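Welcome! Take a moment to look over the sequence and the model, and then let us walk through some of the sites together.

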Amino acid sequence: MQTLNISDVDFAEPGNMSCPGCGASIAMNLALKALGQDTILVIPACCWAIIAGPYPMSSLKVPILHTAFPSAAVTASGVRAGLDMKGDTKTTVVAWAGDGGSFDIGIQSLSGAAERNDDIIFVCYDNEAYMNTGVQRSSSTPYGSRTTTTPGQGWKKTRKKNMIEIMAAHGVSYAATANIAYPEDLIRKFKKARELKGGTRFIHVYATCTTGWGAPSEYAVKIARLATRCNLFPLYEVEDGITYTLNEKGDTPVDAYLNLQGRFKHLSLEDKAGIQNQVDKDFAVLKNKLSVC
Amino acid sequence: MESQAMIKDKPTFQGLTNNVSLYISKSHASSRINKTGSWRFARPVYENKTAPCSASCPAGNYIPKVVMHLSKENIHGAFRALIQENPFPATCGRVCFHTCESACNRGSQDQAVAFRCLERYIGDMAITENFPLDAKSLAAGNAGNIKVAILGAGPAGLSAAFFLTRLGFSCEIFESTDKAGGVMQWGIPSHRLPKSVLDHEIQRIVNMGIKIHYNHSLDAEFMTTAHHSFGAMFISPGLSVPLTMGIEGESHIHQGLQLLMDIQTKDMPLKQGRVAVIGGGNTAIDVARSLKRLGADPVIVYRRRKQDMPAFAQEIVDTEKEGIEIIELKSPVAVQKIDKGFILNLVSMAPVTEKGNDGRTRVMPVDNTPETMIFSEIYSGIGATLHDSWKADADAPESAIKLDHVDFHLKDIPFLYGGDCVNDVQSVTHAIASGKEAAIALSAYVDSGIDSVKKTVDICRLGAGKALSMEIYLQGERRLNSDHVVTDTEINLDYFTSTPRIEPGHIPLKTSVTSFKEVEKTFTREAAMAEALRCYQCGFCNECENCRIFCPEISITRQNGKKMIDLDYCKGCGVCSVECPRNAITMEEEK
Amino acid sequence: MKHVIEGSHAISEAVKLARVDVVSGYPITPQTHIIEAISEYCANGEMKAKFIPVESEHSAMAAVVGAASTGVRTFTATSSHGLALMHEMLHWAAGARLPIVLGEVNRALGPGWNIWMDQSDSLAQRDTGWIQLYCENGQEAMDTTLFAFRLAELVNLPVMVVIDAFFVSHTFEPVAIPEQEHVDDFLPPYEPRIALDPDNPFALFQMAPPNVYMEMRQSIHRAMEHTLDIYHEVENEFDAVFHRRYGMIEEINCENADIILVTTGSATSTARQVQMDMEKQGERFGILKIKTFRPFPGKAICNALQKAKKVAVLDRNFSFGSGGIFAQEVKGALQVLSQGPVVFNYIAGLGGRDITPDIISEVYLKTRDRDLPPCGSEWLGTSPRDEN
Ligand SMILES: Cc1ncc(C[n+]2csc(CCOP(=O)(O)OP(=O)(O)O)c2C)c(N)n1
Ligand code: SF4
Ligand code: SF4
Ligand SMILES: [Mg+2]
């Protein structure tokens with residue numbers, strides 16, 4: 001086994017309000033290692049609005065601007081504009097939103113910022129539901145999942161929105177997926193995004209929520225890793241909406257992933273086979289787009 | 001761009017601004033004020049456990065630690081960790097039958113880690129780089145300089161000297177031949193163990209300040225007088241008397257052990273024709289392979305099945321590769337001399353369902369009409385036994401303490417018997433185990449009396465098995481490890497992708513069967529590192545830092561080089577314990 | 001020097017003169033001209049500001065919230081549905097205590113799409129914590145915008161500068177555009193009390209638990225009260241430079257009036273004419289123009305109205321199920337008087353309907369000729385249509 005080489009300089013602090021085993025916390029800790037001190041974070045309503053600390057405390061060593069749920073991207077655009085006017089070129093402005101704040105209520109503002117190519121990094125930490133409000137479905141909730149608004153036999157029968165493709169279609173200079181279970185890859189992507197100043201960069205980070213997914217907290221990273229290994233959440237980068245690079249190739253059947261989580265436990269063998277089928281198709285589509293393999 | 005915000009030289013209307021109330025939600029404290037540790041139901045505890053390889057290594061090698069250093073390209077560190085427990089790494093790295101590898105958890109994922117070869121690599125590097133036995137590598141005890149007489153300079157005696165010296169005893173070795181090394185010296189052919197390697201490792205021990213008296217007869221007189229000048233005796237005479245088969249014409253059969261010895265000490269005899277070697281153990285193999293190198297066409301004749309042969313499996317494979325036939329299920333019943341050689345009469349055997357006392361499959365003659373084979377020579381390679389002169393001494397008095405690798409007889413001074421004469425399995429590594437056990441037992445006795453011997457030995461066990469650790473005895477960090485032997489299911493395989501085992505390979509067959517050149521090659525540096533990376537390092541924190549990297553609470557930090565879990569904040573999620581690839585973190589329920 | 005410009009552009013000019021750093025904008029009639037002009041200033045370099053052409057009004061406000069949080073001067077403008085869409089962020093801006101200035105052109109809300117004058121949009125935002133300043137004409141719009149930045153930055157509250165759809169926004173009037181140096185004298189560079197800075201990190205506008213939230217709300221309230229206290233002084237400063245002032249309220253002949261008409265915005269101009277005519281006819285008619293709706297200058301209003309016998313509040317807005325919004329507020333202000341004037345409430349001019357001199361006269365006469373108002377508010381000029 002090759003050991004991971006990850007800096008021990010942290011810009012996050014202990015004592016935050018996340019649930020035990022919070023993937024979103026891990027995501028932030030790692031991302032900030034790449035982003036560094038000269039970062040301003042914009043956080044809309046989401047779990048991170050709480051994790052970052054209620055008054056008077058902050059769990060991060062970088063400035064945070066909390067904003068309303070729909071507005072992460074454009075608030076960041078505003079911050080960027082303000083900094084530009086002050087002549088501050090060193091600070092990176094990062095919008096940090098949940099899947100709800102990116103895929104759903106936040107998509108308008110995100111799309112607007114991306115189309116204007118505002119000089120921000122938009123991070124969607126994806127826990128595949130509205131977790132802060134108690135596990136309601138979002139358009140990121142995957143097919144087959146139970147949430148409190150897709151309960152019982154009403155489990156979600158529609159697919160997860162393909163957010164990175166939406167962002168790639170904006171032609172942004174950099175759109176990438178990342179995963180808390182792949183810290184070196186994640187950090188590399190955040191560094192790359194930080195370097196690519198001048199336009200909108202989008203990073204979609206897979207961030208387990210064991211609380212919402214009905215899994216033991218200790219499996220937070222394991223489940224995330226399986227998501228990529230099963231090709232449910234492939235790790236790849238898209239530059240300028242054109243150049244696709246795949247970072248990891250998965251070969252594990254989706255069962256390994258599904259079976260660890262309560263939100264999928266009602267699924268029949270056929271349901272799971274259907275998911276496998278869909279994943280395989282999606283991955284084939286992705287592979288067709290690869291320019292670099 | 002000039003901006004409004006940058007223009008600073010205009011007048012301001014201070015008076016108006018002073019007293020506006022501005023209480024907003026703006027942080028002014030770190031979340032460290034929020035001691036999330038109180039949420040916890042279980043706490044992570046760093047707890048190194050016992051690796052199955054270590055527990056099954058008779059010498060108790062601290063394999064995960066050795067490999068950890070190696071994988072970080074710290075070969076000297078690896079050597080230091082190795083020499084703590086085993087004075088003969090380069091030797092064991094060649095001749096040990098590596099129970100560690102059979103126990104290796106990696107075996108259930110793909111193939112066991114080739115630790116024996118790694119051990120050899122480290123041992124060889126120690127020789128070429130001339131790594132010293134520095135103070136760092138060998139924690140020393142203090143036994144008040146008690147003098148110990150060691151009888152026999154075989155692996156047991158030399159190991160006893162090595163460990164005892166480290167514990168502060170002063171050792172003198174009495175050896176009946178003119179060379180140290182015992183069976184390693186005269187019993188193992190140099191295509192398996194080059195003498196230069198062995199001599200270097202022996203010299204390293206001798207250099208610790210050990211006196212060896214060569215050609216010293218170890219007769220009854222010596223035994224009765226010696227103990228007046230010594231505080232203790234360690235007796236490891238080895239098995240020097242070949243076993244006999246009790247068959248007709250046995251006098252025509254040469255002793256394989258003698259051949260091996262002759263090869264070492266005399267001019268090499270040239271051999272030719274078909275030669276039979278009787279036996280299925282390592283001696284038979286060594287004899288057959290030596291005969292091959294001397295020009296003969298040897299055949300191994302064994303009374304049980306091939307899979308029952310006590311010789312090391314790899315040796316059997318290699319032997320056959322060299323073109324040596326193994327005839328199984330044939331038992332010799334008589335030898336007759338004829339003109340051009342000897343007739344060996346053999347009866348066919350077949351396995352029966354019931355097992356023998358030793359748990360092995362028994363064989364019985366199928367029919368009693370022997371078949372005959374003609375050989376130019378016949379060698380016996382069925383093993384050896386203790387010389388009669390030792391038998392009485394080795395017989396235990398009532399007060400004797402029977403340890404796993406040592407019999408401890410307390411007469412006027414302690415007499416400790418070890419090595420082949422005591423061990424169930426006669427191997428170099430078991431002999432090392434005897435030396436270590438003797439040192440621990442004697443030291444415990446000197447410190448705290450006879451009653452403490454067993455208890456002390458028990459404390460030094462790895463995973464409650466037979467293997468002992470000198471580091472534990474010396475109060476090293478290894479004593480903190482739990483006895484739990486890590487199983488394959490406790491390894492996080494997410495971190496280990498299947499990769500085939502790497503082995504150093506052999507020299508070309510043509511060269512090997514025509515000379516006594518060492519058959520097995522040693523690892524290149526790259527190969528050694530790559531193979532080291534295959535090792536899970538079960539139960540041993542190798543500072544991979546996964547726990548720190550993944551802890552969502554930033555509660556794992558490094559202080560003064562040591563990892564610390566900040567229980568003020570750790571929420572007890574358990575991520576660290578799962579993401580530890582090797583089960584070095586245990587979750588304990590909060591009380 | 002006076003220029004004939006439309007009211008929208010008076011605001012745009014003021015924004016330019018105020019050396020605003022960041023402007024966001026999203027088109028909606030009748031506001032569009034404001035941001036069009038500003039984007040042009042930015043494009044041609046007349047204005048050194050960053051113009052963000054956002055994709056919605058919600059984002060327009062969010063963008064300036066973001067920008068203002070870095071400590072720069074910000075502006076945006078909207079109207080009607082745009083303001084309604086902004087609602088969430090209006091709360092955010094005020095709770096964040098950011099001195100954002102918003103140009104708001106009063107317009108009706110649909111359905112029944114209607115782009116014309118109506119105050120319901122801005123008045124629906126009265127509880128968001130914004131200062132609201134209503135303007136009567138282009139000059140006032142210009143001056144109020146400059147004034148708004150100064151005020152906002154002094155009290156750390158956002159300010160809405162409100163003008164009437166078309167009657168002000170699209171009406172060309174001679175407007176004195178001040179010299180840049182005079183503006184600079186009045187409006188010093190913004191020295192933010194709050195600014196994000198990686199060298200001095202903190203979290204802004206984070207979750208406020210019950211043990212502090214109320215005090216934070218109270219702080220907004222205090223700042224509003226403080227605004228009432230210093231308003232006059234800030235006007236003094238303004239007056240010193242520009243020789244104009246408007247007051248939180250303007251009293252026209254209130255001293256001698258039995259009946260005082262309460263107006264806002266451009267309807268006041270019409271009322272001024274009628275009042276003059278009436279006064280000539282010997283009527284004891286006064287006008288109270290309310291410019292500052294938030295904070296509500298209740299005491300000043302009470303003082304101005306207390307001697308009158310009757311008060312007629314003309315509301316160009318309506319709170320359904322209740323009544324005209326200004327009337328409610330005025331009644332509330334008069335509560336402190338033991339024997340205050342009787343308050344009549346008239347609703348007129350919704351959705352762009354003209355408030356003509358006739359309507360003003362009608363208001364006056366209806367008030368004069370009755371001792372007591374009918375229950376509730378009276379809708380003027382409506383015909384009994386009820387087609388469905
Ligand atoms: C306009 C608005 N609607 C609804 C909410 C309530 N709300 C707060 S957080 C949240 C869900 C956030 O989900 P997501 O963005 O996925 O982040 P998560 O909490 O899962 O981390 C919702 C619905 C809100 N704050 N604002
Ligand atoms: S995760 Fe790595 S550093 Fe942490 S305890 Fe396990 S082996 Fe040691
Ligand atoms: S990962 Fe961190 S918070 Fe979780 S149990 Fe381990 S030390 Fe505690
Ligand atoms: Mg979510």
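Which residues lie nearest the centre of the largest cavity? They are Arg94(B), Arg116(B), Arg192(B), Glu315(B) and Glu520(B), part of a lining of 17 residues.

Before going further, a word on how to read this. This is a predicted model, where local features need pLDDT of at least 70 and side-chain atom pairs count only at pLDDT 80 or more, while totals for chains, interfaces and linings use all residues. Residues are numbered from 1 along each chain as its sequence is written, chains are lettered from A and ligands numbered from 1 in the order in which they are written, and side-chain values use heavy atoms, with hydrogens and water left out.

**Cavities**

A cavity here is a set of points, on a 1 Å grid over the protein atoms alone, where a 1.4 Å probe fits but cannot get out; lining residues have an atom within 4 Å of a point. A volume is the space filled by probe spheres set on the points, which are joined across faces, edges and corners. Searching the whole structure turns up seven cavities of 30 Å³ or more.

For the largest cavity, α5 (89–95), α7 (115–128) and α14 (313–321) of chain B each give at least two lining residues. The largest share, three residues, belongs to α14(B). Helices are DSSP runs (H or I, at least four residues) and strands are too (E, at least two), numbered from the N terminus.

In the second largest cavity, 15 residues form the lining, and Cys53(B), Ile63(B), Cys104(B), Val113(B) and Cys535(B) are the closest to its centre. Here α2 (52–56), α3 (63–71) and α6 (99–103) of chain B each supply at least two of the lining residues.

The table sets out volumes and residue classes: Ala, Val, Leu, Ile, Met, Phe, Trp, Tyr, Cys and Pro count as nonpolar, Asp, Glu, Lys and Arg as charged, and the others, Gly among them, as polar.

| Cavity | Volume | Lining by class |
|---|---|---|
| Largest | about 200 Å³ | four nonpolar, four polar, nine charged |

**The magnesium ion**

Which residues of the protein are donors of the magnesium ion (ligand 4)? They are Asp99(A) (OD), Asn127(A) (OD1) and Ala129(A) (O), at 1.9 to 2.1 Å from the ion. Donors are N, O and S atoms within 2.8 Å of the metal (3.2 Å for Na, K and Ca), and sites may look incomplete because water is not among the atoms. Along the sequence, the spacing of the donor residues is D-x27-N-x1-A. Asp99(A) sits in the loop between β4 (92–98) and α4 (100–104) of chain A, and Ala129(A), 30 residues apart from it, in the loop between β5 (121–126) and α6 (163–169). Both Asp99(A) and Ala129(A) are buried (under 20% relative accessible area; exposed is over 50% and partly exposed in between, with a 1.4 Å probe and protein chains only).

**Two ligands by chain B**

Around ligand 2 there are 14 residues, the closest being Cys541(B), Cys544(B), Glu545(B), Cys547(B) and Cys580(B); a residue counts if one of its heavy atoms lies within 4 Å. The shell around ligand 3 includes Pro44(B), Cys551(B), Cys570(B), Cys573(B) and Cys576(B).

**A helix in chain A**

Finally, α1(A) is largely enclosed by the rest of the structure, because 13 of its 13 residues are buried. After α1(A) comes Gly36(A), with a positive phi near 80°.

Methods
On a 1 Å grid over the protein atoms alone, a cavity is a set of points where a 1.4 Å probe fits but cannot get out, and a pocket is an open set with protein on both sides within 12 Å along at least five of seven lines; lining residues have an atom within 4 Å of a point.
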